[in-house]
Amino acid sequence: MFGLSSQDTDYQREVVERLHLPFEMLSDPARSLAQELGLPTFQTNGLTLYKRLTLIIRDGVIEHVFYPIFPPNEHAEQVLNWLRNNPR
């Protein structure tokens, strides 16, 4: 599992440490993935950021996309349910 954001790696490192995230963050400041896949973004304070979404990728193939993420407090359970119902 990875997180992805358009912020630089120094910012991401601080976020991982501050929030005690159990996964690594990938940096995409050019938003290359957003451009290639048409991923949703938004602008705030002069920054273009990724909207929250979840991609299930197996063997280099996107199997499922969760978007929009709602309600956010139930999303982890939604992903776990999908994974249980769609084993390899």
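**Notes on the predicted model**

I57 is found in strand β5, and it is a handy place to begin a friendly walk through this predicted model.

1. Ground rules. Residue numbers start from 1 along each chain as its sequence is written, and side-chain values rest on heavy atoms, with hydrogens and water left out. As the model is predicted, local features need pLDDT of at least 70 and side-chain atom pairs count only at pLDDT 80 or more, while totals for chains, interfaces and linings use all residues.

2. Overall layout. The chain has three helices and six strands, in the order β-α-β-α-β-β-β-β-α from the N terminus. Helices (H or I, at least four residues) and strands (E, at least two) are DSSP runs, numbered from the N terminus. The C-alpha atoms fill a box of roughly 40 × 30 × 25 Å along the principal axes.

3. Burial and surface. Of the 88 residues, 24% are buried. Here buried means under 20% relative accessible area, exposed over 50%, and partly exposed in between (1.4 Å probe, protein chains only). The chain exposes about 6700 Å², with carbon and sulfur atoms supplying 54% of it; accessible areas come from the Shrake-Rupley method with a 1.4 Å probe, and for residues only the protein chains shown count as cover.

4. The nonpolar patch. I57 returns here, together with F2, L4, L26, L33, L37, I62, V65 and Y67, in a nonpolar surface patch of about 770 Å². Strand β1 (2-5), helix α2 (32-37) and strand β6 each give two or more residues to the patch. Patch members have over 30% relative accessible area and no salt bridge, and nonpolar side chains (Val, Leu, Ile, Met, Phe, Trp, Tyr) are joined within 5 Å, like charges within 9 Å.

5. The structure holds five salt bridges, each a side-chain nitrogen of Lys or Arg within 4 Å of a carboxyl oxygen of Asp or Glu. One of them joins E14 and R18, with the closest N and O atoms 2.6 Å apart. Both residues lie in helix α1 (residues 9-19), four residues apart, about one turn of the helix. E14 is partly exposed at 34%, and R18 is partly exposed at 47%. Another pairs R84 with E77 at 3.4 Å between the closest N and O atoms; R84 is exposed at 53%, whereas E77 is partly exposed at 41%.

6. A link across the chain. R88 and D59 meet in a salt bridge at 3.5 Å, N to O. This pair links distant parts of the chain, 29 residues apart: R88 in the segment after α3 (75-85), and D59 in the loop between β5 (54-58) and β6 (61-66). Both R88 and D59 are exposed.
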